[in-house]
Amino acid sequence: MTQSVLISGGGIVGSFLGLELASRNISFQIIERNSFAPSKNDHIRSLTLNFSACERLDQLGIKTESSLIQKMKVFDGSGSGKLSFQSDEADIDYLAKVFSFTELRETLIKKVESSTSVGDEIISFQAMESGIQANLSNDSVLEADLLVVAEGRYSNLAKSIASENFAKDYEQIAKTFLVEIPELNTDEAIQVFYEKEIFALMPYKNGTKVNQFSVVWSMPKELAPDLTLDNLPTHLQKFEKKLSCKIQPTSELLSFPLSAHHLDEYCDHGVCIIADAAHSIHPLAGQGINLGISDAIILAEEIERAISSDKEIGQLAFLKKYELRRKTLNTSMIKGVDFLFNLFQQDNPYIRLGRNSGLKMVDKLSFLKKNFILHASGIQKI
Ligand SMILES: Cc1cc2nc3c(=O)[nH]c(=O)nc-3n(C[C@H](O)[C@H](O)[C@H](O)COP(=O)(O)OP(=O)(O)OC[C@H]3O[C@@H](n4cnc5c(N)ncnc54)[C@H](O)[C@@H]3O)c2cc1C
């Protein structure tokens with residue numbers, strides 16, 4: 001029995017799912033609403049992918065420039081607490097890789113181009129006895145055995161299928177830009193936590209610049225408008241002092257509002273939801289797309305299993321298997337990141353003291369660190 005998958009949303013995860021399905025000889029079609037118009041700031045946004053996601057991209061033949069992260073250092077900005085992770089502590093070749101968001105997206109899109117229609121969207125769908133019927137904005141109707149919603153954070157289709165059991169506006173903005181830092185090693189990522197800000201530096205190979213890093217700096221909404229290219233060097237001084245280095249900005253500033261959410265269900269008859277359409281997360285742990293890629297891998301596995309046992313892929317019983325395998329893991333990551341965010345927001349002196357000594361203590365416990373690394377790398381599942 002030939003079965004087909006309709007994917008709504010051809011972002012990184014929607015395209016990645018297409019590629020996963022193609023590698024399993026399962027037919028698919030992607031409907032992407034927006035055409036990809038290049039802009040002069042495309043090179044600024046980076047994306048850190050964990051070990052498991054990078055290995056899978058490699059197996060699927062995705063080759064684009066990236067920087068390896070071998071070591072990660074976490075500092076408590078207002079104390080002396082410090083924690084560091086190294087890939088060899090968990091016997092893996094690297095912790096993560098940093099990609100250009102646009103380059104990775106373009107490479108993925110090219111691979112699935114022949115199965116993608118751009119400029120349309122699915123405005124509604126009906127579950128049928130077998131599969132679904134989707135109504136498009138261009139008045140056409142498509143039929144498929146399964147509809148997968150990969151439309152990102154503000155998906156209307158996802159909202160029409162399930163409600164949110166967790167939603168949070170962090171009242172923060174992430175400012176993203178590029179810098180040069182001659183004093184830092186280009187295989188190290190650094191994160192500094194203050195009560196109201198999180199400053200992250202990721203090594204970033206893009207173009208000819210050496211010792212280039214990508215910054216993701218989360219700050220309260222009210223501080224963000226005051227930050228301009230002109231006064232940026234003054235605002236960076238506290239990080240320069242903390243890290244004993246000189247930070248030289250080299251690009252414009254991009255801004256992203258920060259929120260998190262989680263749907264209480266990922267599927268219904270003939271339809272399921274993946275990645276940011278189902279869950280979003282504060283970027284402090286750089287895990288958003290890693291969770292999405294894991295959703296896509298597990299869903300593709302379940303679809304392949306259903307097809308090989310001659311079952312309909314739109315059946316809720318099969319889709320629930322995908323939900324079961326992903327929801328608990330996604331919940332623990334979303335809650336864990338939220339806990340970490342709240343922990344560093346506290347300016348209570350006792351909590352600050354506990355946080356400082358906690359970081360130092362964990363830094364000395366090699367078995368605990370190894371577990372953290374294996375979870376963050378996507379190798380070990382909870
Ligand atoms: C500042 C910042 C830094 C981040 N850094 C990292 C990081 O280092 N590592 C990490 O893992 N994650 C990171 N993330 C999270 C990551 O960017 C997201 O998790 C990821 O982009 C989600 O991918 P997606 O494909 O689900 O959604 P999207 O990237 O939002 O793609 C959705 C696609 O669907 C299309 N679409 C939308 N609506 C429709 C519709 N109705 N019909 C058809 N198509 C539609 C859109 O045009 C888009 O192409 C970061 C996020 C932020 C804000």
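By class, the shell around the ligand in this predicted model has eleven nonpolar, 15 polar and five charged residues. Here Ala, Val, Leu, Ile, Met, Phe, Trp, Tyr, Cys and Pro count as nonpolar, Asp, Glu, Lys and Arg as charged, and the others, Gly among them, as polar. Local features in this predicted model need pLDDT of at least 70 and side-chain atom pairs count only at pLDDT 80 or more, while totals for chains, interfaces and linings use all residues. Residues are numbered from 1 along each chain as its sequence is written.

Let me stay with the ligand. The surrounding residues number 31, and the closest are G9, G11, G152, A275 and G288. A residue is taken as near a molecule or strand if its C-beta atom, placed from the backbone, lies within 6 Å of it. At least two residues of the shell are supplied by each of α1 (12-23), β2 (27-32), β3 (46-50), β13 (164-180) and α7 (288-308). These labels follow DSSP runs, numbered from the N terminus: helices are H or I with at least four residues, strands E with at least two. Which element gives the largest share of the shell? That is α7, with four residues.

I turn to the two helices from that list, α1 and α7. Their axes come within 9 Å and cross at roughly 30 degrees. Axes are lines fitted to C-alpha atoms, for helices over the stretch in contact, and angles run from 0 to 180 degrees between N-to-C directions. The helices α1 and α7 are therefore roughly parallel to each other; angles under 35 degrees count as roughly parallel, over 145 as roughly antiparallel, 65 to 115 as roughly perpendicular and the rest as oblique. On the α1 side, the contact is made by I12, V13, F16, L17, E20 and L21. On the α7 side, I289, G292, I293, A296, I297, L299 and A300 take part. Contact between two residues requires C-beta atoms, placed from the backbone, within 7 Å. The residues of this contact divide into eleven nonpolar, one polar and one charged.

Next, the sheet that contains β3. Three strands form an open, antiparallel sheet in the order β3-β7-β4. Two strands pair if DSSP finds at least two bridges between them. The edge strands β3 and β4 (66-69) each pair on one side only. Neighbouring strands of this sheet are turned by 25 degrees against each other on average, direction ignored. Between β3 and β7 (residues 96-100) there are five bridges in the antiparallel sense, and S46 stands opposite S100 in β7. Two helices accompany these strands. Helix α2 (residues 51-59) lies across β3 and β7 and runs at about 95 degrees to β3. Helix α3 (residues 101-112) packs on the sheet, touching β3 and β7, and its direction makes about 85 degrees with that of β7.

A further pair is formed by β5 (residues 71-76) and β6 (residues 82-86), which run antiparallel and are joined by five bridges. K73 stands opposite S84 in β6. What joins β5 to β6? A hairpin does so, through five residues.

Finally, another open sheet of three antiparallel strands has the order β9-β10-β11. Here β9 (122-127) and β11 (141-144) stand at the edges with a single partner strand each, so one side of each is left without a neighbour in the sheet. Four bridges join β10 (residues 132-136) to β11, and these two run antiparallel. Within that pairing, I132 stands opposite A144 in β11.
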